[in-house]
Amino acid sequence: MTIEHADIAIVGAGPAGLSAARTAARSGARVVLIDDNPRPGGQIWRQGPAFAPAARLRRWLDETRAQPNLVVMNATKVAAATGDRRLLLEREGEPLTLAWSKLILATGARERLLPFEGWTLPGVTGAGGLQALVKGGLPVRGERVVVAGSGPLLLAVAATARRHGADVRALIEQASFGQVAKFVGSLARTPGKLAQAAALGVACYRTASVVVKAHGAARVEAVTIRTRGLDTTIEADRVACGYGLVPNATLALALGCAIDEAGGAIRPADARPIRERERWRAFAGRVARAFELGVAARAMPPADTVLCRCEDVTLGAIASHADWRDAKLQTRCGMGPCQGRICGEAACLWFGWPRASARPPFVPIRIDTLIAARDAAAPPDA
Ligand SMILES: Cc1cc2nc3c(=O)[nH]c(=O)nc-3n(C[C@H](O)[C@H](O)[C@H](O)COP(=O)(O)OP(=O)(O)OC[C@H]3O[C@@H](n4cnc5c(N)ncnc54)[C@H](O)[C@@H]3O)c2cc1C
């Protein structure tokens, strides 16, 4: 199997990984930047046929184009951390080992989906998922869209959909009006975010509300919203629902990193970058508090709701199991292509189970890649 070497390997080509790569490459070190998307940019700078690179990404691409010691590996999956400072990668269907001296993880976050009745109907997606699809070229012009879940990302998603001609019928936020109003008041401490929120607009914003059911035959046609126990149904061609973000910590966990869920204590500022970091950590704390999931958002849907759509396992089928590992082994829940990224998160939230440890392969890969990794690891006479 081919072995690549990196003085500094960076996983994740979103704003954080790109910034780390540019700085590291200036030192002359051989830097390898890995990302599973076809183009760099991560979530916020996601490129696509309908989306040219954002100005800051374009600047990064211009500045690093002639940097021979920076290797960018797009569409590359990290399948396993094989020990001895090596990562098993799969690139264009081929296995590859990356040997690193230093490793930076900038793996970002993914959105939290909480299944509800009818969530597997075509036309129902995550909130950020719809944004990514639109950036990737999905036409939504003239479609009736309901954006739901929790957090400021919903505003950005609604704005993207509107910019592409969608009729955003409702923006459904689980947090109460009081929580949201307090958060908006706190935006004075981050004027840039206040300006962003004002630009995104808050028309058709409904607080203290959750999506409980998507209706439709072949695809979604309507959605039922519950507000303080009262149900209303809205016609919709698309429902985009996401309850905030969860960190992509699988690789970090597999490497034995300690995870600081609280984001670390706020420390006294000494230098400007530290001050900036603490300021944004404080902002993240305010977002987490304002949009903390309430009782309605945490309520379990009926037992016959599909929880794992990859393996077609219902919520009722896993309810009697002791923990996530037991549920997986007995029902195949979480063993499909998404490897429990959706159902695992929801099950741990609803049943209070601790999160499972990270087990390779982290993403679906070809059997050839696994065989090549095994052969490469075997002693010569085995
Ligand atoms: C769907 C979605 C949409 C969002 N939209 C917005 C928005 O419109 N505005 C906003 O302000 N914020 C948005 N966010 C929040 C976003 O997380 C941050 O704004 C910003 O993108 C974080 O930058 P980052 O570099 O830390 O991580 P990211 O931008 O998330 O980049 C991390 C990159 O690492 C890759 N990656 C992760 N694990 C692996 C692995 N094992 N192997 C290979 N590659 C890996 C990911 O695919 C991704 O490309 C969104 C988040 C999500 C999940």
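How many aromatic pairs does the structure hold? The structure holds 4. Keep in mind that this is a predicted model.

Start with Phe-183 and Phe-283. Their ring centres are 6.1 Å apart. The planes meet at 45°, so this pair is tilted. Look at where the two residues come from. Phe-183 belongs to helix α5, residues 177-186. Phe-283 belongs to helix α8, residues 272-290.

Buried or exposed, for Phe-183? Phe-183 counts as buried, because its relative accessibility is 7% and the cut-off for buried is under 20%. Phe-283 is also buried, at 12%.

Phe-283 has another partner, Trp-280. Here the ring centres are 5.5 Å apart. The planes stand at 85°, so this pair is edge-to-face; the cut-off for that class is over 60 degrees. Both residues sit in helix α8. They are 3 residues apart, about one turn of the helix. Trp-280 is partly exposed, at 32% relative accessibility.

Trp-280 also has a charge over its ring. The charged end of Arg-279 sits there, 5.0 Å from the ring centre. Now put the rings together. Phe-183, Trp-280, Phe-283 and Phe-291 make up one aromatic cluster.

On to charges. Side chains of opposite charge can pair when their charged atoms come close. How many salt bridges does a search of the whole structure find? The search finds 19. I'll show three of them.

One is Arg-22 with Glu-63, at 3.1 Å from N to O. Arg-22 is in helix α1, residues 15-26, and Glu-63 is in helix α2, residues 55-64. The two are 41 residues apart in sequence, so the bridge ties those parts together. Both ends are partly exposed: Arg-22 has a relative accessible area of 21%, and Glu-63 has 40%. Arg-26 joins in as well, and Arg-22, Arg-26 and Glu-63 are linked in a network of salt bridges.

Next, Arg-144 and Asp-237. Their side chains meet at 2.9 Å, N to O. Arg-144 lies in strand β9, residues 144-150. Asp-237 lies in the loop between β14 and β15. This pair ties together parts 93 residues apart in sequence. Arg-144 is partly exposed, at 24%.

Then Arg-355 and Glu-345, at 2.6 Å, N to O. Arg-355 is in the loop between α12 and α13, while Glu-345 is in helix α12. Here the sequence separation is 10 residues. Glu-345 counts as buried, at 7% relative accessibility.

Now the strands. β4, residues 76-83, pairs with β5, residues 86-91. They run antiparallel over 6 bridges. Gly-83 stands opposite Arg-86 in β5. The hairpin has 2 residues between the strands, and Asp-84 takes a positive phi near 50°.

β5 also pairs with β6, residues 94-105, in the antiparallel sense, through 6 bridges. Leu-88 has Thr-97 in β6 as its bridge partner. This hairpin has 2 residues between its strands. In its turn, Glu-92 has a positive phi of about 50°.

Last stop, the surface. Which residues make the nonpolar patch of about 260 Å²? They are Ile-367, Leu-370 and Ile-371. Ile-371 is in helix α13, residues 367-377. Its relative accessible area is 38%, so Ile-371 is partly exposed.

Note on methods
Residues are numbered from 1 along each chain as its sequence is written. This is a predicted model: local features need pLDDT of at least 70, side-chain atom pairs count only at pLDDT 80 or more; totals for chains, interfaces and linings use all residues. Side-chain values use heavy atoms; hydrogens and water are left out. Patches are made of residues with over 30% relative accessible area and no salt bridge: like charges are joined within 9 Å, nonpolar side chains (Val, Leu, Ile, Met, Phe, Trp, Tyr) within 5 Å. Accessible areas come from the Shrake-Rupley method with a 1.4 Å probe; for residues, only the protein chains shown count as cover. A salt bridge is a side-chain nitrogen of Lys or Arg within 4 Å of a carboxyl oxygen of Asp or Glu. Helices (H or I, at least four residues) and strands (E, at least two) are DSSP runs, numbered from the N terminus. Buried means under 20% relative accessible area, exposed over 50%, partly exposed in between (1.4 Å probe, protein chains only). Two strands pair if DSSP finds at least two bridges between them. Rings of Phe, Tyr and Trp (its six-membered ring) pair if their centres lie within 6.5 Å; planes under 30 degrees apart count as stacked, over 60 as edge-to-face and the rest as tilted. A charge sits over a ring if NZ of Lys or CZ of Arg is within 6 Å of the ring centre and within 35 degrees of the ring normal.
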